[in-house]
Amino acid sequence: MNDLVLRARAVRKRFADTEVLRGIDLEVRSGEVLCVIGPSGSGKSTLLRCFNHLERIDAGRVWVDGELVGYEQHGTSGRVLRERREKEIRAQRERVGMVFQRFHLFPHRTAVQNVMEGPVVVKRRPRADAERRARELLDRVGLADRADHYPAQLSGGQQQRVAIARALAMDPTLMLFDEPTSALDPELVGEVLGVMQDLARSGMTMIVVTHEMGFAREVADRVVFMDEGLVVESGHPDELFTAPRHDRTRAFLSTVL
Ligand code: ADP
Ligand code: MG
């Protein structure tokens with residue numbers, strides 16, 4: 001059990017009167033790559049955001065690395081408790097890297113400055129060390145020769161690879177990807193998926209929300225199909241793509257395959 005990097009139990013989340021997550025159970029083991037698929041509006045982004053404390057869950061529990069991410073109502077009353085809670089949240093957030101559809105790089109900083117920002121500001125690493133490591137990471141995503149370029153001088157695919165390097169710079173135990181190639185021109189999708197595939201091979205634990213069924217099929221250890229705030233089914237890609245058990249999965253797959 002202690003090789004579980006993420007565990008979610010009965011997670012619920014509502015916005016106003018819409019329940020967007022209606023009781024999600026999920027487990028991700030160390031080194032596992034999980035792909036999450038499902039129609040637009042099914043709650044995929046919200047789920048990732050809950051795992052990274054960008055959203056507060058209404059009910060249920062989330063553990064990352066064995067530590068509870070859920071929000072205890074009674075823990076939010078006193079100022080001391082609240083401050084302790086916020087410190088815990090920050091510590092956990094550092095362990096979960098997130099890559100979004102849009103890259104969110106700092107426009108007035110070069111690639112290497114973007115990548116070293118987190119380690120320097122959040123982890124108080126010496127600049128020289130952070131820079132050396134940032135250049136290594138840029139090399140790893142195939143951008144050694146673009147380290148001193150500004151985001152505007154990079155293609156979308158290159159910017160997304162910088163965003164991946166930036167997340168890796170924090171030494172996360174879990175990487176979350178929310179449709180990382182959806183904003184890219186088709187010819188740039190492959191280079192980003194290639195970097196993600198390398199990362200998966202290196203043993204990184206990953207949850208990837210994606211419409212790239214080829215990637216899911218090839219790289220995922222498990223595919224999760226979500227619809228209307230629920231996990232409808234999950235299984236090995238060979239199983240889920242070729243013999244889905246539920247009508248809703250079948251209907252969705254017929255629109256995307
Ligand atoms: P997906 O990523 O699967 O497309 P989302 O998690 O983005 O789905 O959204 C699920 C539902 O929650 C949608 O109906 C969306 O409009 C709604 N939603 C998401 N974020 C918010 C928000 N901050 N406020 C209100 N509604 C939201
Ligand atoms: Mg989404």
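## Overall picture

Of the 257 residues of the chain, 49% count as buried. Buried means under 20% relative accessible area, exposed means over 50%, and partly exposed lies in between, using a 1.4 Å probe and protein chains only. This is a predicted model, in which local features need pLDDT of at least 70, side-chain atom pairs count only at pLDDT 80 or more, and totals for chains, interfaces and linings use all residues. Residues are numbered from 1 along each chain as its sequence is written, chains are lettered from A and ligands numbered from 1 in the order in which they are written, and side-chain values use heavy atoms, with hydrogens and water left out.

The chain holds nine helices and ten strands. Both are DSSP runs numbered from the N terminus: helices are H or I with at least four residues, strands are E with at least two. The C-alpha trace spans about 50 × 50 × 35 Å along its principal axes.

## Surface and contacts

The chain exposes about 12,400 Å². Carbon and sulfur atoms supply 47% of that area. Accessible areas come from the Shrake-Rupley method with a 1.4 Å probe; for residues, only the protein chains shown count as cover.

Take contacts between residues at least 6 apart in sequence: 65% of them join residues at least 24 apart. Contact means heavy atoms within 4.5 Å.

## The ligand site

Which residues surround ligand 1? They are F15, V20, P39, S40, G41, S42, G43, K44, S45 and T46. A residue is near a molecule if one of its heavy atoms lies within 4 Å of it. This shell divides into three nonpolar residues, six polar and one charged. Here Ala, Val, Leu, Ile, Met, Phe, Trp, Tyr, Cys and Pro count as nonpolar, Asp, Glu, Lys and Arg as charged, and the others, Gly among them, as polar. Helix α1 (residues 44-51) gives the most to the shell, with three residues.

A polar side-chain atom of T46 lies 2.5 Å from a ligand 1 oxygen. For K44, a polar side-chain atom is 2.8 Å from an oxygen atom of ligand 1. An N or O atom in the side chain of S45 is 2.8 Å from a ligand 1 oxygen. The protein covers 56% of the 560 Å² of accessible area that ligand 1 has on its own.

Is α1 mostly covered or mostly exposed? It is mostly covered, with six of its eight residues buried. The buried ones are K44, T46, L47, L48, C50 and F51. Just after α1, H53 takes a positive phi of about 65 degrees.

K13 sits in strand β1 (residues 4-15). K13 counts as buried because its relative accessible area is 8%. Setting aside neighbours within four places in sequence, K13 is in contact with residues including T46, C50, V20 and D58.

V112 belongs to helix α3 (residues 111-121). Its relative accessible area is 4%, so V112 is buried. Beyond residues up to four places away in sequence, V112 touches E131, A134, R135, L138, A147 and D148. V112 and L34 are 78 residues apart in sequence, and their C-alpha atoms are 29 Å apart.

Q159 lies in helix α5 (residues 156-168). With a relative accessible area of 16%, Q159 is buried too. Again leaving out residues up to four places away, Q159 touches F103, L105, P151 and L154.

## Loop residues

D65 is in the loop between β4 (59-64) and β5 (67-68). Its phi is near 55 degrees, a positive value in a residue other than glycine. At 31% relative accessibility, D65 counts as partly exposed. E228 is in the loop between β9 (222-227) and β10 (230-235). Its phi is also positive, near 50 degrees. E228 counts as exposed because its relative accessibility is 52%.

D185 is in the loop between β7 (174-178) and α6 (186-201). At 45% relative accessible area, D185 is partly exposed. The C-alpha atoms of D185 and G157 are separated by 8.3 Å, although the two residues are 28 apart along the chain.

How values were computed: A polar contact is a pair of N or O atoms within 3.5 Å; within protein, one must be able to donate a hydrogen and the other to accept it, and residues adjacent in sequence count only if both atoms are side-chain atoms.
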